[in-house]
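The following note sets out several points for a colleague's review. Please consult the sequence and the coordinates alongside each numbered paragraph.

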Amino acid sequence: MSEHYYKTKASVEEYIKLAKDVNGSQLIAKLNNYLLPGASLLEIGSGPGTDFQILRQDYSVVGSDYSTEFLKRLMQNNPKAEFLNLDAITLETDKKFDGIYSNKVLQHLTNEDLKRSILRQVDVLHDNGIICHSFWKGEGDEIFKGLLVNYQTNESLRLLFGNYFEILLIEAYNEFEDGDSLVLIGKKK
Ligand SMILES: C[S@@+](CC[C@H](N)C(=O)[O-])C[C@H]1O[C@@H](n2cnc3c(N)ncnc32)[C@H](O)[C@@H]1O
């Protein structure tokens with residue numbers, strides 16, 4: 001158990017094996033309904049880069065992560081692509097994007113940190129910018145492998161994002177079990 005689960009070589013290798021059959025293609029298909037091809041897109045928490053490979057087919061995507069272990073691999077595997085070392089909470093970059101995407105990243109933030117992240121996302125987006133984020137669906141939170149898993153519901157997401165984003169879609173989908181996940185798509189107000 002470690003709060004550095006995504007940051008050590010051994011745990012990153014374990015995560016890559018565990019997640020090898022998972023990808024965000026169903027989320028990205030939803031995003032495609034709202035964000036035009038060729039748009040600039042920031043991915044938060046690119047991890048092994050599975051979704052990054054799909055996103056780059058349609059978008060001018062910049063990947064990011066707060067784990068230097070993942071960033072090192074992302075850069076090795078995608079030498080021509082751009083990656084930033086970003087924490088989802090602070091998103092310390094001057095760059096601006098048409099969209100921001102994350103898949104099962106923001107559940108690692110407390111609601112207070114998620115509020116900070118949302119304010120930064122507003123700054124990092126161009127006018128009418130689009131967000132697409134996935135969460136584990138449920139109530140409360142727990143610690144799994146030393147990491148916070150902060151569950152969200154349709155209502156909690158509306159409360160957190162609704163002041164800053166027009167909610168275009170909140171929909172349950174299946175990752176491992178029936179309706180265990182939620183996708184949120186919003187447009188900057
Ligand atoms: C479930 S994985 C995402 C997998 C990714 N969607 C893919 O396609 O492979 C979660 C990722 O979020 C990153 N992460 C977790 N907390 C973060 C934070 N506060 N800021 C930035 N990245 C974070 C982890 O390092 C990990 O790479």
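**Notes on the predicted model**

1. Leu-91 lies in the loop between β3 (83–85) and β4; helices (H or I, at least four residues) and strands (E, at least two) are DSSP runs, numbered from the N terminus. Leu-91 counts as buried because its relative accessibility is 0%. The classes used here are buried (under 20% relative accessible area), exposed (over 50%) and partly exposed (in between), with a 1.4 Å probe and protein chains only. Leu-91 and Ile-118 stand 27 residues apart in sequence, with 9.8 Å between them in space, C-alpha to C-alpha.

2. Residues are numbered from 1 along each chain as its sequence is written, and side-chain values use heavy atoms, with hydrogens and water left out.

3. The ligand is surrounded by 22 residues, and the closest are Tyr-15, Gly-47, Asp-51, Asp-65 and Ala-88.

4. Which atoms of the protein lie 2.6 Å, 3.1 Å and 2.8 Å from ligand atoms? A polar side-chain atom of Asp-65 is 2.6 Å from an oxygen atom of the ligand. For Asp-87, a polar side-chain atom lies 3.1 Å from a ligand nitrogen atom. A polar backbone atom of Ala-88 is 2.8 Å from a nitrogen atom of the ligand. Taken alone, the ligand exposes 600 Å², of which the protein buries 95%; accessible areas come from the Shrake-Rupley method with a 1.4 Å probe, and for residues only the protein chains shown count as cover.

5. The ligand takes up the space of the largest pocket. On a 1 Å grid over the protein atoms alone, a pocket is an open set of points with protein on both sides within 12 Å along at least five of seven lines. A molecule sits in a pocket if more than half of its atoms lie within 2 Å of the grid points of that pocket.

6. Most residues other than glycine have a negative phi. Lys-104, however, has a positive phi near 60 degrees. Lys-104 belongs to the loop between β4 (97–102) and α5 (111–124), and with 12% relative accessibility Lys-104 counts as buried. Lys-145 also has a positive phi, of about 50 degrees, although it is not a glycine. Lys-145 is placed in the loop between β6 (141–144) and β7 (147–150), and its 30% relative accessibility makes it partly exposed.

7. Ser-102 is part of strand β4. Is Ser-102 buried or exposed? Ser-102 is buried, because its relative accessible area is 0%. Its side chain makes a polar contact of 2.8 Å with the side chain of His-133. A polar contact is a pair of N or O atoms within 3.5 Å; within protein, one must be able to donate a hydrogen and the other to accept it, and residues adjacent in sequence count only if both atoms are side-chain atoms.

8. Two further C-alpha separations may be checked. Val-22 occupies the loop between α1 (9–18) and α2 (25–31) and is partly exposed at 22% relative accessibility. Val-22 and Glu-175 are 153 residues apart in sequence but 8.0 Å apart in space, C-alpha to C-alpha. Thr-68, in helix α4 (residues 68–77), counts as exposed at 54% relative accessibility.

Note on methods:
This is a predicted model: local features need pLDDT of at least 70, side-chain atom pairs count only at pLDDT 80 or more; totals for chains, interfaces and linings use all residues. A residue is near a molecule or strand if one of its heavy atoms lies within 4 Å of it. On a 1 Å grid over the protein atoms alone, a cavity is a set of points where a 1.4 Å probe fits but cannot get out, and a pocket is an open set with protein on both sides within 12 Å along at least five of seven lines; lining residues have an atom within 4 Å of a point.
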